[in-house]
Amino acid sequence: MKRHLIEDLRSRLKANQENEKTSNETLESLERKVKALAGDCLNKKTSIDSLKQRLNVATKEKSQYEQMYHKAKDELEKKDLKLTNLESKMMETECAMTELETTASQQLHGLAKQSGQALETVQKKLLLTNDKVEEFMTFVKALTRELQHSVQELRTKIKQAKKMGEVRACKKGLSQESVQLAASILNVSTTDLEEILEVEDDEETAKTKMEFEKDKEWLQYIQKLLEAQFPFASYLMDAIMEKLNEKKKLLEEYSSLMKHTV
């Protein structure tokens, strides 16, 4: 329905533009015969004023996009640093956990024949190890959720940047009078008209759904790894690196989009 509405809108715009062009040509022909010099001056003044307005708008938009670009770049750099630190802590925690398990196992063999008090001490250490394992599990889950969330945010920003560029290109191809005329024909405001142009198509919606399902499967795979028997560090690292590489590609795409926008 949206495509039919847009096609109908374009047809009406084209017809109105052609009618307007014919009327303007007739009017300009008459005006040239009566006031050739006055009409020429007026047209030049109007053109200069229009160019000034467009220059002012373009200057403001450039400033806004530069601010958005620098802000997004700073946020992404901070998140990358945070993820790097979390990855380092995860490796340290896993090494510490492995060492604790090895130490606990050795102590169990050496203390098997000792008193109940010594055995109680070992049991306390085992409990502490289990607590650390649980803490590690919690940490990995938080890390993966944060990573998945940051990737999702990047996808959203990329879609917004692409849509913004498409809308700007569409608006650039139409005069302000044409946009207002189209809005009046549809009996909507120019803001509502822009929102109609920004609606996601079926292909984009399907792509978003597919990305959501892939993220869900990735989180489920991480959960299965954490519930599996040791060792699982290499598989876990491969899964996290896969998502980090995806984020890196998205970051490069977003930075490229923002540079072209600016």
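## Basis

Residues are numbered from 1 along each chain as its sequence is written. In this predicted model, local features need pLDDT of at least 70 and side-chain atom pairs pLDDT 80 or more, while totals for chains, interfaces and linings use all residues, and side-chain values use heavy atoms, without hydrogens and water.

## Nonpolar cores

A nonpolar core is a set of buried Ala, Val, Leu, Ile, Met, Phe, Trp, Tyr and Cys residues joined through side-chain atoms within 4.5 Å. Buried means under 20% relative accessible area, with a 1.4 Å probe and protein chains only. The largest core has 21 residues. Within it, M90, F136, V140 and L236 touch the most other members. Two or more residues come from each of α1 (2-110), α2 (116-173), α5 and α6 (233-261). Helices here are DSSP runs (H or I, at least four residues), numbered from the N terminus. The largest share, 7 residues, belongs to α2.

F136 contacts (heavy atoms within 4.5 Å) M90, T93, E94, M97, F232 and L236, leaving aside neighbours within four places in sequence.

## A buried glutamate

E211 sits in helix α5 (residues 202-227). E211 is buried, with a relative accessible area of 16%. It touches R155 and K159, not counting residues up to four places away in sequence.

## Aromatic rings

K243 lies over the face of W218, at 4.8 Å from the ring centre. For Lys, this requires NZ within 6 Å of the ring centre and within 35 degrees of the ring normal.

Note on methods:
Buried < 20%, exposed > 50% of the residue type's maximum accessible area, 1.4 Å probe, protein only.
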